[in-house]
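Hi,

Here's the structure I promised to pass along.

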Amino acid sequence: MKIKYFYQQLASHISVIIIAFLILSLLFSHFVEQFVYDNKTEELASYGQSILRDIEQVQGSSRDILKSYGHVLEERDIQYSLFNEKSAIIYSTELKTPLIELNEEEWRALQGGKTITVKQEFKRFEQAVTFVLLPYFHRNQFIGGVLLTSPIKGSREVISQMNSYLIYTTFIALAIALVMSGLLSTINGRRIKRLQSATANVSQGDYSVRIPTAGVDEIGELAGDFNRMVEKLKTSAEEIENLENRRRQFMADVSHELRTPLTTIRGIIEGLHNDMISESEKERGLQLASSETMRLIRLVNENLDYEKIRSNQVTLLKQEIQLGELLEIIQEQLEEAAAERGDQITVEVSQEVSVFADYDRLTQVLINIAKNSIQFTENGTIWLRGYAQEDGTVIEIEDTGIGMDPEEIEKIWSRFYKAIDSRTTNPYGEFGLGLSIVKQLVTLHGGTIAVESVKGEGTKFRIELPNE
């Protein structure tokens with residue numbers, strides 16, 4: 001059975017109020033009743049002690065004193081009686097009959113000098129009363145005592161009035177609680193309904209939904225978390241869409257990149273098979289076929305390499321490497337490619353600088369970045385720098401190429417992203433996987449890579465690798 005949040009909150013609040021006031025009322029009523037009767041018995045006991053004390057002090061007849069006490073106590077609706085050791089009444093302001101019957105235990109306690117007090121008595125008198133029995137001893141001999149009684153009607157009226165006030169207060173508190181609970185439950189119900197509606201919109205793909213937040217309670221914090229979640233979902237959806245677009249572009253690139261060398265190789269093989277290529281052109285055709293075959297191998301290896309790196313299937317064999325020697329080797333390998341673009345490669349590193357890394361993978365990283373610098377630099381300079389710092393080694397590759405916008409810098413690490421659409425001018429990373437591989441490899445080394453670039457001025461890659 002479905003119960004609305006409003007009714008759950010309302011029932012919860014009202015139940016708490018009812019239980020709290022019920023317990024409070026019972027405790028307070030018991031306290032008041034106890035207090036009233038305790039005061040009454042203390043008052044009766046005090047008067048009884050005064051009567052016995054005055055009787056003891058007065059020589060001769062004490063009837064005048066007893067009468068004066070009778071007049072005083074009558075105004076307070078209190079009656080008293082004196083009785084002897086046989087429980088016979090010897091003086092009374094009200095009772096003319098024998099003393100109330102005491103059970104054996106009460107009479108024995110009275111003779112032992114104990115005061116007997118009863119807060120509410122309904123059976124032994126013609127009306128409900130509070131009474132006190134005080135023993136009287138003369139020369140350490142029990143000779144009787146005094147009985148003081150007072151109707152409990154007045155006390156019960158006080159208690160009843162207090163209970164009435166408690167009942168009124170309870171109803172007033174319940175009314176206030178009902179209004180407040182209804183108001184709070186309605187407000188919170190609307191906030192939850194707003195969250196439910198927004199969630200339904202998000203489930204249908206609307207990531208523009210936002211909920212007003214107020215961090216005063218958990219629902220407000222939930223609304224803030226919901227907004228942050230939707231923002232992340234929106235970002236993820238955009239990334240997925242961009243990735244899908246790149247995937248489509250990637251498939252188109254794959255088709256083109258693979259079809260071109262395969263078509264060339266097939267044409268050469270068919271020409272050789274059908275003797276359609278002259279002897280003078282055969283050597284050139286074989287060289288072209290070999291070049292296209294290497295290009296196919298490079299394309300396939302690049303994708304396989306990326307998948308291995310991405311799934312952490314690469315084992316790094318780290319060692320101390322003289323950074324100057326490594327950068328000079330890279331300079332020699334890329335000098336020809338740089339010369340074709342009119343570029344100059346300059347190495348700036350001290351001979352004592354070393355780096356702790358996997359030689360093959362670090363070479364792959366630096367060649368990849370350097371080739372990108374050559375690709376986007378014409379008639380410029382490419383610097384290969386290295387220096388040590390306290391907790392590691394820094395490697396910088398800087399060029400004076402065309403540079404990038406800030407928006408492009410954020411995208412260059414993405415798989416399939418290509419800074420330019422041309423498929424024929426990129427000598428490495430035909431599928432746009434190069435820098436994605438670079439970042440994965442640097443991360444595997446426990447290092448970081450960052451890039452700074454200004455459009456039209458150049459780009460600088462900065463790699464920081466730890467000592468261990």
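This is a predicted model: local features need pLDDT of at least 70, side-chain atom pairs count only at pLDDT 80 or more; totals for chains, interfaces and linings use all residues.

Searching the whole structure turns up five aromatic pairs. One of them joins phenylalanine 83 and tryptophan 107, with 6.5 Å centre to centre and 45° between the planes, so it goes down as tilted. This pair links distant parts of the chain: phenylalanine 83 sits in strand S1 (residues 79-84) and tryptophan 107 in helix H3 (residues 104-111), 24 residues apart. Both phenylalanine 83 and tryptophan 107 are buried. There's also a cluster here, a single aromatic one made up of Phe83, Trp107, Phe137 and Phe142.

Next, the surface. Tyr165, Ile167, Tyr168 and Phe171 make up a nonpolar patch there, and together they have about 480 Å² of accessible area. Phenylalanine 171 belongs to helix H4 (residues 153-203). Its relative accessible area is 56%, so phenylalanine 171 counts as exposed, the cut-off being over 50%.

Last one: threonine 459, in strand S12 (residues 458-466). Buried or exposed? Threonine 459 has 7% relative accessibility, so it's buried, as that label means under 20%. Its side chain makes a polar contact with the side chain of serine 453, at 2.8 Å. Leaving out residues up to four places away in sequence, threonine 459 touches several others, including Ile397, Asp399, Met404 and Val451.

Cheers

Notes: Residues are numbered from 1 along each chain as its sequence is written. Side-chain values use heavy atoms; hydrogens and water are left out. Rings of Phe, Tyr and Trp (its six-membered ring) pair if their centres lie within 6.5 Å; planes under 30 degrees apart count as stacked, over 60 as edge-to-face and the rest as tilted. Helices (H or I, at least four residues) and strands (E, at least two) are DSSP runs, numbered from the N terminus. Buried means under 20% relative accessible area, exposed over 50%, partly exposed in between (1.4 Å probe, protein chains only). Patches are made of residues with over 30% relative accessible area and no salt bridge: like charges are joined within 9 Å, nonpolar side chains (Val, Leu, Ile, Met, Phe, Trp, Tyr) within 5 Å. Accessible areas come from the Shrake-Rupley method with a 1.4 Å probe; for residues, only the protein chains shown count as cover. A salt bridge is a side-chain nitrogen of Lys or Arg within 4 Å of a carboxyl oxygen of Asp or Glu. A polar contact is a pair of N or O atoms within 3.5 Å; within protein, one must be able to donate a hydrogen and the other to accept it, and residues adjacent in sequence count only if both atoms are side-chain atoms. Contact means heavy atoms within 4.5 Å.
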